[in-house]
Amino acid sequence: MKYLDEYRDAGAAKKLADAIARTVTRPWVIMEMCGGQTHTIVKYGVDRIIPEAIELVHGPGCPVCVTSLEMIDRAHAIAERKDVIFTSFGDMLRVPGSRGDLLALKSRGADIRIVYSPLDAVNLAAANPGKKVVFFAIGFETTAPPNAMAVWMAHKRGLKNFSVLVSHVLVPPSMTSILQTPGNRVQAFLGPGHVCTVMGCEEYVPITKYYKVPIVVTGFEPVDMLEGIYMTVKQLEAGEHRMENQYSRAVRHEGNLQSRRLIEDVFEICDRKWRGVGIIPKSGYKLRYEYRDHDAERLFEVDDIETQESTECISGQILRGLKKPHDCAAFGKRCTPQAPLGATMVSSEGACAAYYAYGRHLEGRGIPRCGKTESELVQIGGVR
Amino acid sequence: MCLGIPGKVTRTFEEHGVLMGKVDFGGVSKQVCLGHVSDVQVGEYVLVHVGFALSKIDPEEAGKVFTFLEKMKQLDELQVPSP
(Lines give C-alpha, C1' and ligand atoms only; values in the text may rest on other atoms or scores of the structure.)
Protein backbone atom coordinates (compact mmCIF):
# COMPACT_ATOMS: atom_id res chain seq x y z
CA MET A 1 0.00 0.00 0.00
CA LYS A 2 1.21 3.46 -0.92
CA TYR A 3 2.60 5.48 2.04
CA LEU A 4 3.01 2.29 4.09
CA ASP A 5 5.21 -0.19 2.23
CA GLU A 6 8.05 2.23 1.45
CA TYR A 7 8.31 3.12 5.15
CA ARG A 8 8.88 -0.56 5.96
CA ASP A 9 11.75 -0.90 3.48
CA ALA A 10 14.67 -2.88 4.91
CA GLY A 11 17.34 -0.97 2.95
CA ALA A 12 16.12 2.45 4.11
CA ALA A 13 15.86 1.22 7.71
CA LYS A 14 19.41 -0.14 7.63
CA LYS A 15 20.82 3.12 6.23
CA LEU A 16 19.13 5.12 8.99
CA ALA A 17 20.33 2.67 11.67
CA ASP A 18 23.87 3.11 10.31
CA ALA A 19 23.49 6.90 10.38
CA ILE A 20 22.38 6.72 14.03
CA ALA A 21 25.37 4.50 14.87
CA ARG A 22 27.75 7.03 13.26
CA THR A 23 26.19 9.91 15.24
CA VAL A 24 25.93 8.55 18.77
CA THR A 25 28.91 8.93 21.14
CA ARG A 26 27.35 8.31 24.58
CA PRO A 27 24.25 6.85 26.27
CA TRP A 28 20.85 8.52 25.84
CA VAL A 29 17.36 7.68 27.09
CA ILE A 30 14.58 8.47 24.61
CA MET A 31 10.87 7.95 25.27
CA GLU A 32 8.35 7.26 22.51
CA MET A 33 5.01 8.71 23.59
CA CYS A 34 2.57 6.56 21.60
CA GLY A 35 1.46 3.00 22.19
CA GLY A 36 1.43 2.52 18.41
CA GLN A 37 5.10 3.51 18.30
CA THR A 38 5.90 1.10 21.16
CA HIS A 39 4.21 -1.65 19.16
CA THR A 40 6.25 -0.84 16.03
CA ILE A 41 9.51 -0.81 18.03
CA VAL A 42 8.90 -4.25 19.51
CA LYS A 43 7.28 -5.78 16.40
CA TYR A 44 10.11 -4.77 14.05
CA GLY A 45 12.91 -4.86 16.62
CA VAL A 46 13.74 -1.17 16.04
CA ASP A 47 15.44 -1.03 19.46
CA ARG A 48 17.70 -3.92 18.42
CA ILE A 49 19.16 -2.44 15.25
CA ILE A 50 20.24 0.83 16.88
CA PRO A 51 23.33 1.13 19.12
CA GLU A 52 22.94 -0.18 22.67
CA ALA A 53 23.85 3.28 23.94
CA ILE A 54 20.36 4.44 23.00
CA GLU A 55 17.72 3.16 25.39
CA LEU A 56 14.11 3.45 24.28
CA VAL A 57 11.62 3.69 27.16
CA HIS A 58 7.91 3.40 26.55
CA GLY A 59 5.53 6.21 27.36
CA PRO A 60 1.91 6.40 28.52
CA GLY A 61 0.38 6.90 25.06
CA CYS A 62 -2.00 3.96 25.00
CA PRO A 63 -5.44 5.34 25.91
CA VAL A 64 -6.93 1.88 26.40
CA CYS A 65 -4.20 1.18 28.96
CA VAL A 66 -4.50 4.42 30.90
CA THR A 67 -8.31 4.54 31.09
CA SER A 68 -8.87 4.35 34.84
CA LEU A 69 -10.22 1.23 36.47
CA GLU A 70 -13.20 3.12 37.87
CA MET A 71 -14.13 4.42 34.42
CA ILE A 72 -14.33 0.79 33.26
CA ASP A 73 -16.47 0.01 36.31
CA ARG A 74 -18.73 2.94 35.37
CA ALA A 75 -18.99 1.56 31.83
CA HIS A 76 -19.89 -1.79 33.36
CA ALA A 77 -22.63 -0.24 35.51
CA ILE A 78 -24.17 1.51 32.49
CA ALA A 79 -23.82 -1.45 30.11
CA GLU A 80 -25.65 -3.87 32.39
CA ARG A 81 -28.85 -1.79 32.26
CA LYS A 82 -31.66 -3.35 30.24
CA ASP A 83 -32.58 -0.06 28.51
CA VAL A 84 -29.03 0.53 27.20
CA ILE A 85 -27.14 -0.40 24.03
CA PHE A 86 -23.50 0.13 25.04
CA THR A 87 -21.08 0.75 22.17
CA SER A 88 -17.30 0.86 22.15
CA PHE A 89 -14.19 0.32 20.06
CA GLY A 90 -13.29 -3.38 20.24
CA ASP A 91 -10.08 -3.01 22.23
CA MET A 92 -11.89 -1.61 25.30
CA LEU A 93 -14.08 -4.69 25.73
CA ARG A 94 -11.28 -6.94 26.95
CA VAL A 95 -9.93 -4.53 29.54
CA PRO A 96 -10.74 -5.86 33.01
CA GLY A 97 -12.31 -3.57 35.56
CA SER A 98 -12.76 -4.65 39.16
CA ARG A 99 -15.99 -6.43 38.16
CA GLY A 100 -14.63 -8.20 35.05
CA ASP A 101 -14.51 -7.01 31.44
CA LEU A 102 -17.30 -5.83 29.14
CA LEU A 103 -16.96 -8.90 26.92
CA ALA A 104 -17.86 -11.16 29.87
CA LEU A 105 -20.85 -8.91 30.59
CA LYS A 106 -21.89 -9.24 26.94
CA SER A 107 -21.71 -13.03 27.23
CA ARG A 108 -24.18 -12.75 30.13
CA GLY A 109 -26.69 -11.03 27.85
CA ALA A 110 -25.90 -7.30 28.02
CA ASP A 111 -26.41 -5.45 24.72
CA ILE A 112 -22.82 -4.40 24.05
CA ARG A 113 -21.73 -3.73 20.48
CA ILE A 114 -18.39 -3.02 18.85
CA VAL A 115 -18.42 -0.07 16.46
CA TYR A 116 -15.78 0.93 13.91
CA SER A 117 -16.56 4.63 14.16
CA PRO A 118 -18.41 6.80 16.74
CA LEU A 119 -20.78 7.79 13.91
CA ASP A 120 -21.96 4.15 13.79
CA ALA A 121 -23.13 4.61 17.40
CA VAL A 122 -25.02 7.78 16.43
CA ASN A 123 -26.77 5.90 13.60
CA LEU A 124 -27.61 3.12 16.06
CA ALA A 125 -29.32 5.70 18.30
CA ALA A 126 -31.34 6.95 15.32
CA ALA A 127 -32.40 3.39 14.47
CA ASN A 128 -33.32 2.47 18.08
CA PRO A 129 -35.37 5.36 19.50
CA GLY A 130 -36.66 3.16 22.35
CA LYS A 131 -33.14 2.47 23.65
CA LYS A 132 -30.44 4.61 25.22
CA VAL A 133 -27.27 4.30 23.12
CA VAL A 134 -24.05 5.03 25.01
CA PHE A 135 -20.63 5.31 23.35
CA PHE A 136 -17.42 4.81 25.39
CA ALA A 137 -15.49 7.88 24.23
CA ILE A 138 -11.89 7.22 25.15
CA GLY A 139 -8.70 8.30 23.42
CA PHE A 140 -6.02 10.93 23.06
CA GLU A 141 -6.35 14.08 20.96
CA THR A 142 -6.38 11.93 17.79
CA THR A 143 -9.77 10.46 18.70
CA ALA A 144 -11.21 13.72 20.03
CA PRO A 145 -12.39 15.07 16.63
CA PRO A 146 -14.33 11.87 15.75
CA ASN A 147 -15.89 11.74 19.21
CA ALA A 148 -16.67 15.47 19.17
CA MET A 149 -18.23 15.09 15.72
CA ALA A 150 -20.47 12.25 17.01
CA VAL A 151 -21.75 14.39 19.91
CA TRP A 152 -22.18 17.44 17.67
CA MET A 153 -24.06 15.44 15.08
CA ALA A 154 -26.34 13.70 17.63
CA HIS A 155 -27.09 17.12 19.13
CA LYS A 156 -27.85 18.58 15.70
CA ARG A 157 -30.10 15.64 14.78
CA GLY A 158 -31.94 15.90 18.13
CA LEU A 159 -30.99 12.35 19.18
CA LYS A 160 -31.59 12.64 22.91
CA ASN A 161 -31.06 8.89 23.38
CA PHE A 162 -27.36 9.20 22.42
CA SER A 163 -24.76 9.85 25.09
CA VAL A 164 -21.02 9.41 25.61
CA LEU A 165 -19.01 8.18 28.58
CA VAL A 166 -15.98 10.44 28.18
CA SER A 167 -12.50 9.44 29.34
CA HIS A 168 -10.30 11.55 27.08
CA VAL A 169 -6.64 12.13 27.90
CA LEU A 170 -4.09 14.65 26.62
CA VAL A 171 -0.41 14.17 25.76
CA PRO A 172 1.38 17.41 26.80
CA PRO A 173 0.36 17.27 30.51
CA SER A 174 1.49 13.65 30.71
CA MET A 175 4.83 14.63 29.16
CA THR A 176 5.41 17.36 31.74
CA SER A 177 4.29 14.99 34.50
CA ILE A 178 7.01 12.52 33.38
CA LEU A 179 9.64 15.28 33.26
CA GLN A 180 8.71 16.37 36.80
CA THR A 181 8.94 12.84 38.23
CA PRO A 182 11.73 12.52 40.81
CA GLY A 183 14.51 10.42 39.26
CA ASN A 184 13.29 11.13 35.71
CA ARG A 185 15.52 9.42 33.14
CA VAL A 186 13.91 10.69 29.93
CA GLN A 187 16.22 13.01 27.94
CA ALA A 188 14.16 13.36 24.75
CA PHE A 189 10.80 12.42 23.29
CA LEU A 190 9.59 10.93 20.02
CA GLY A 191 6.38 12.98 19.83
CA PRO A 192 2.96 11.52 19.01
CA GLY A 193 2.52 11.77 15.22
CA HIS A 194 -1.20 11.20 14.97
CA VAL A 195 -2.08 13.39 17.96
CA CYS A 196 -0.16 16.15 16.16
CA THR A 197 -2.13 15.72 12.90
CA VAL A 198 -4.97 17.20 14.97
CA MET A 199 -3.30 19.49 17.49
CA GLY A 200 -0.17 20.49 15.54
CA CYS A 201 3.26 20.97 17.06
CA GLU A 202 2.97 24.37 18.74
CA GLU A 203 2.13 23.15 22.24
CA TYR A 204 5.36 21.12 22.40
CA VAL A 205 7.64 24.12 21.77
CA PRO A 206 7.33 25.53 25.34
CA ILE A 207 8.10 22.06 26.79
CA THR A 208 11.35 21.83 24.77
CA LYS A 209 12.38 25.26 26.03
CA TYR A 210 11.38 24.95 29.70
CA TYR A 211 12.67 21.42 30.30
CA LYS A 212 15.48 21.61 27.71
CA VAL A 213 14.46 18.35 26.00
CA PRO A 214 14.31 17.67 22.26
CA ILE A 215 10.88 16.59 20.98
CA VAL A 216 10.69 15.11 17.49
CA VAL A 217 7.14 14.51 16.26
CA THR A 218 7.43 11.06 14.71
CA GLY A 219 5.41 8.65 12.57
CA PHE A 220 4.61 5.01 13.16
CA GLU A 221 6.43 2.91 10.58
CA PRO A 222 9.96 1.53 11.17
CA VAL A 223 11.59 4.03 8.76
CA ASP A 224 9.69 6.88 10.45
CA MET A 225 10.81 5.79 13.89
CA LEU A 226 14.44 5.37 12.86
CA GLU A 227 14.46 8.80 11.22
CA GLY A 228 12.84 10.24 14.38
CA ILE A 229 15.53 8.62 16.53
CA TYR A 230 18.25 9.90 14.17
CA MET A 231 16.89 13.48 14.37
CA THR A 232 16.63 13.20 18.17
CA VAL A 233 20.15 11.83 18.63
CA LYS A 234 21.59 14.58 16.40
CA GLN A 235 19.99 17.18 18.70
CA LEU A 236 21.12 15.42 21.89
CA GLU A 237 24.69 15.08 20.67
CA ALA A 238 24.77 18.77 19.67
CA GLY A 239 23.32 19.85 23.04
CA GLU A 240 20.19 21.24 21.35
CA HIS A 241 16.55 21.05 22.44
CA ARG A 242 14.09 21.94 19.70
CA MET A 243 10.74 20.74 18.44
CA GLU A 244 11.15 19.06 15.06
CA ASN A 245 8.63 17.35 12.81
CA GLN A 246 9.69 14.05 11.22
CA TYR A 247 6.10 13.18 10.23
CA SER A 248 5.65 16.17 7.92
CA ARG A 249 3.72 14.19 5.28
CA ALA A 250 0.76 14.13 7.71
CA VAL A 251 1.45 16.76 10.38
CA ARG A 252 1.18 20.52 9.72
CA HIS A 253 2.67 22.84 12.32
CA GLU A 254 -0.77 24.25 13.21
CA GLY A 255 -2.49 20.82 13.08
CA ASN A 256 -6.00 20.50 11.65
CA LEU A 257 -7.79 23.76 12.41
CA GLN A 258 -11.25 22.39 11.49
CA SER A 259 -10.78 19.57 14.01
CA ARG A 260 -9.42 21.87 16.70
CA ARG A 261 -12.41 24.21 16.36
CA LEU A 262 -14.85 21.32 16.78
CA ILE A 263 -12.98 19.97 19.84
CA GLU A 264 -13.09 23.45 21.35
CA ASP A 265 -16.84 23.63 20.71
CA VAL A 266 -17.71 20.26 22.31
CA PHE A 267 -15.05 19.64 24.98
CA GLU A 268 -13.36 21.53 27.80
CA ILE A 269 -10.20 20.66 29.71
CA CYS A 270 -10.49 18.85 33.06
CA ASP A 271 -8.35 16.90 35.55
CA ARG A 272 -8.18 13.23 34.63
CA LYS A 273 -7.20 10.05 36.51
CA TRP A 274 -4.78 7.81 34.57
CA ARG A 275 -4.61 4.10 35.27
CA GLY A 276 -1.23 3.30 36.84
CA VAL A 277 -0.36 6.98 37.30
CA GLY A 278 -3.15 8.75 39.23
CA ILE A 279 -4.69 12.17 38.69
CA ILE A 280 -2.81 14.50 36.34
CA PRO A 281 -4.15 18.08 36.48
CA LYS A 282 -5.71 19.45 33.28
CA SER A 283 -4.90 16.25 31.39
CA GLY A 284 -8.30 15.35 29.94
CA TYR A 285 -11.40 16.51 28.12
CA LYS A 286 -14.98 16.50 29.40
CA LEU A 287 -18.16 17.58 27.64
CA ARG A 288 -19.07 21.26 27.78
CA TYR A 289 -22.21 22.25 29.71
CA GLU A 290 -24.07 22.90 26.43
CA TYR A 291 -23.81 19.17 25.63
CA ARG A 292 -24.80 17.90 29.11
CA ASP A 293 -27.80 16.03 27.68
CA HIS A 294 -25.29 13.71 25.99
CA ASP A 295 -23.16 13.14 29.10
CA ALA A 296 -23.58 9.50 30.19
CA GLU A 297 -21.88 10.05 33.56
CA ARG A 298 -24.53 12.63 34.47
CA LEU A 299 -27.49 10.79 32.92
CA PHE A 300 -26.77 7.44 34.60
CA GLU A 301 -25.38 8.89 37.86
CA VAL A 302 -22.27 6.71 37.90
CA ASP A 303 -19.73 9.42 38.75
CA ASP A 304 -19.46 8.31 42.38
CA ILE A 305 -18.03 4.83 41.52
CA GLU A 306 -14.39 4.69 42.69
CA THR A 307 -11.97 1.75 42.59
CA GLN A 308 -8.48 0.90 43.89
CA GLU A 309 -5.79 -0.58 41.64
CA SER A 310 -3.49 -3.60 42.18
CA THR A 311 -0.54 -2.65 44.38
CA GLU A 312 1.75 -5.28 42.82
CA CYS A 313 1.74 -3.74 39.32
CA ILE A 314 4.65 -1.43 38.41
CA SER A 315 2.96 0.02 35.30
CA GLY A 316 3.10 3.53 36.79
CA GLN A 317 6.90 3.36 36.76
CA ILE A 318 6.97 1.79 33.28
CA LEU A 319 4.71 4.55 31.91
CA ARG A 320 7.16 7.14 33.27
CA GLY A 321 10.20 5.41 31.76
CA LEU A 322 11.65 4.47 35.16
CA LYS A 323 11.32 0.72 34.62
CA LYS A 324 10.95 -1.84 31.81
CA PRO A 325 8.59 -4.87 31.69
CA HIS A 326 11.41 -7.26 32.65
CA ASP A 327 11.89 -5.38 35.93
CA CYS A 328 8.55 -6.77 37.15
CA ALA A 329 8.51 -10.16 38.90
CA ALA A 330 4.95 -10.80 37.72
CA PHE A 331 5.64 -10.07 34.01
CA GLY A 332 4.75 -13.06 31.82
CA LYS A 333 3.98 -15.17 34.89
CA ARG A 334 1.16 -13.89 37.11
CA CYS A 335 0.54 -11.04 34.64
CA THR A 336 -0.29 -11.91 31.01
CA PRO A 337 -2.60 -10.38 28.35
CA GLN A 338 -5.18 -13.02 29.35
CA ALA A 339 -5.01 -12.01 33.03
CA PRO A 340 -3.45 -8.55 33.22
CA LEU A 341 -2.57 -6.98 36.56
CA GLY A 342 -2.42 -3.45 35.25
CA ALA A 343 -2.31 -0.73 32.62
CA THR A 344 0.64 -1.74 30.43
CA MET A 345 -0.60 -5.34 29.93
CA VAL A 346 -4.26 -4.60 29.11
CA SER A 347 -3.95 -3.57 25.45
CA SER A 348 -1.64 -4.72 22.66
CA GLU A 349 -0.19 -1.20 22.57
CA GLY A 350 0.90 -1.34 26.21
CA ALA A 351 4.63 -1.93 26.68
CA CYS A 352 4.20 -5.17 28.67
CA ALA A 353 1.63 -6.61 26.24
CA ALA A 354 3.83 -5.74 23.23
CA TYR A 355 6.89 -7.38 24.86
CA TYR A 356 4.74 -10.43 25.65
CA ALA A 357 3.21 -10.65 22.14
CA TYR A 358 6.65 -10.78 20.49
CA GLY A 359 8.13 -13.33 22.88
CA ARG A 360 10.33 -11.07 24.96
CA HIS A 361 9.01 -12.62 28.18
CA LEU A 362 10.86 -15.80 27.14
CA GLU A 363 14.25 -14.10 26.83
CA GLY A 364 16.80 -14.87 29.52
CA ARG A 365 15.17 -18.22 30.24
CA GLY A 366 17.21 -20.18 27.69
CA ILE A 367 14.27 -20.12 25.29
CA PRO A 368 14.97 -18.60 21.87
CA ARG A 369 13.05 -15.51 20.85
CA CYS A 370 9.92 -16.30 18.87
CA GLY A 371 10.36 -16.77 15.11
CA LYS A 372 8.18 -13.83 14.19
CA THR A 373 10.39 -11.30 15.92
CA GLU A 374 13.56 -12.83 14.47
CA SER A 375 12.26 -12.91 10.90
CA GLU A 376 11.03 -9.35 11.12
CA LEU A 377 14.35 -8.26 12.56
CA VAL A 378 16.09 -9.81 9.57
CA GLN A 379 13.59 -8.10 7.24
CA ILE A 380 14.65 -4.67 8.37
CA GLY A 381 18.34 -5.16 8.37
CA GLY A 382 19.47 -7.95 10.64
CA VAL A 383 20.02 -8.40 14.36
CA ARG A 384 22.61 -6.18 15.98
CA MET B 1 -5.47 3.13 19.40
CA CYS B 2 -4.26 6.25 17.59
CA LEU B 3 -3.98 4.09 14.51
CA GLY B 4 -3.97 6.04 11.23
CA ILE B 5 -4.14 4.30 7.88
CA PRO B 6 -3.41 6.10 4.57
CA GLY B 7 -6.01 5.62 1.85
CA LYS B 8 -7.06 7.17 -1.48
CA VAL B 9 -10.31 9.13 -1.74
CA THR B 10 -12.37 7.67 -4.61
CA ARG B 11 -15.73 9.43 -4.15
CA THR B 12 -17.25 12.23 -2.07
CA PHE B 13 -20.87 12.93 -1.04
CA GLU B 14 -22.86 14.67 1.72
CA GLU B 15 -24.75 13.01 4.57
CA HIS B 16 -26.66 14.98 7.26
CA GLY B 17 -24.82 18.09 6.05
CA VAL B 18 -21.35 16.58 6.56
CA LEU B 19 -18.84 15.70 3.80
CA MET B 20 -18.39 11.93 3.53
CA GLY B 21 -16.52 9.77 1.04
CA LYS B 22 -15.33 6.39 -0.06
CA VAL B 23 -11.67 5.70 0.68
CA ASP B 24 -9.68 2.84 -0.84
CA PHE B 25 -7.15 1.07 1.39
CA GLY B 26 -5.16 -1.14 -0.99
CA GLY B 27 -8.29 -2.71 -2.45
CA VAL B 28 -10.62 -2.46 0.56
CA SER B 29 -13.10 0.41 0.32
CA LYS B 30 -14.66 2.03 3.42
CA GLN B 31 -17.05 4.90 4.02
CA VAL B 32 -15.15 7.69 5.77
CA CYS B 33 -16.13 11.07 7.23
CA LEU B 34 -14.26 13.81 5.35
CA GLY B 35 -15.72 16.64 7.44
CA HIS B 36 -12.31 17.52 8.89
CA VAL B 37 -10.54 17.72 5.50
CA SER B 38 -13.30 19.50 3.59
CA ASP B 39 -11.00 20.75 0.77
CA VAL B 40 -10.01 17.19 -0.20
CA GLN B 41 -10.21 16.16 -3.86
CA VAL B 42 -10.93 12.73 -5.33
CA GLY B 43 -7.55 11.00 -5.95
CA GLU B 44 -5.81 12.55 -2.94
CA TYR B 45 -4.56 10.43 -0.02
CA VAL B 46 -5.84 10.97 3.51
CA LEU B 47 -4.90 9.55 6.90
CA VAL B 48 -7.91 7.79 8.41
CA HIS B 49 -8.54 7.16 12.11
CA VAL B 50 -11.74 5.40 13.35
CA GLY B 51 -13.62 6.26 10.17
CA PHE B 52 -12.50 9.91 10.03
CA ALA B 53 -9.93 11.49 7.73
CA LEU B 54 -7.79 13.68 9.99
CA SER B 55 -5.19 14.93 7.55
CA LYS B 56 -4.28 14.98 3.86
CA ILE B 57 -0.98 13.32 2.98
CA ASP B 58 1.51 15.68 1.38
CA PRO B 59 3.26 13.74 -1.42
CA GLU B 60 6.22 16.14 -1.53
CA GLU B 61 6.94 15.79 2.20
CA ALA B 62 6.44 12.01 1.97
CA GLY B 63 9.42 11.63 -0.35
CA LYS B 64 11.88 13.70 1.70
CA VAL B 65 13.36 10.88 3.77
CA PHE B 66 14.20 8.90 0.62
CA THR B 67 15.81 11.95 -1.02
CA PHE B 68 17.85 12.39 2.17
CA LEU B 69 18.95 8.73 2.13
CA GLU B 70 19.92 9.01 -1.53
CA LYS B 71 22.06 12.08 -0.78
CA MET B 72 23.66 10.26 2.15
CA LYS B 73 24.53 7.37 -0.16
CA GLN B 74 26.17 9.75 -2.64
CA LEU B 75 28.14 11.32 0.23
CA ASP B 76 29.32 7.87 1.37
CA GLU B 77 30.51 7.10 -2.16
CA LEU B 78 32.52 10.36 -2.22
CA GLN B 79 34.24 9.38 1.01
CA VAL B 80 35.71 6.09 -0.26
CA PRO B 81 39.31 6.10 1.05
CA SER B 82 41.99 6.50 -1.59
CA PRO B 83 44.35 3.52 -2.11
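User: Is Ile50(A) buried or exposed?

Analyst: This is a predicted model, where local features need pLDDT of at least 70, side-chain atom pairs count only at pLDDT 80 or more, and totals for chains, interfaces and linings use all residues. Residues are numbered from 1 along each chain as its sequence is written, with chains lettered from A and ligands numbered from 1 in the order in which they are written. A residue is buried if 20 or more other C-beta atoms, placed from the backbone, lie within 10 Å of its own, exposed if 12 or fewer, and partly exposed in between. Ile50(A) has 25 C-beta neighbours inside 10 Å, so this residue counts as buried.

User: Which residues is Ile50(A) in contact with, leaving aside its neighbours within four places in sequence?

Analyst: Ile50(A) sits in the loop between α2 and β2 (54-61) of chain A; helices (H or I, at least four residues) and strands (E, at least two) are DSSP runs, numbered from the N terminus. Contact here means that C-beta atoms, placed from the backbone, lie within 7 Å. With those sequence neighbours set aside, the partners are Ala17(A), Ile20(A) and Ile229(A).

User: How many residues of chain A are in contact with chain B, and what is their make-up by class?

Analyst: On the chain A side, 42 residues meet 29 residues of chain B. Elements giving two or more residues to that side include α1 (10-23), α6 (118-127) and α11 (222-238) of chain A. For the classes, Ala, Val, Leu, Ile, Met, Phe, Trp, Tyr, Cys and Pro count as nonpolar, Asp, Glu, Lys and Arg as charged, and the others, Gly among them, as polar. The chain A side comes out at 23 nonpolar, 12 polar and seven charged residues.

User: Which residues make the contact between α1(A) and α2(B)?

Analyst: The axis of α1(A) and that of α2 (residues 64-78) of chain B come within 11 Å and cross at roughly 65 degrees; axes are lines fitted to C-alpha atoms, for helices over the stretch in contact, and angles run from 0 to 180 degrees between N-to-C directions. By class, five nonpolar, no polar and one charged residues take part. They are Ala12(A), Lys15(A) and Ala19(A) from α1(A), and Phe66(B), Leu69(B) and Met72(B) from α2(B).

Definitions and conventions:
Contact = placed C-beta atoms within 7 Å.
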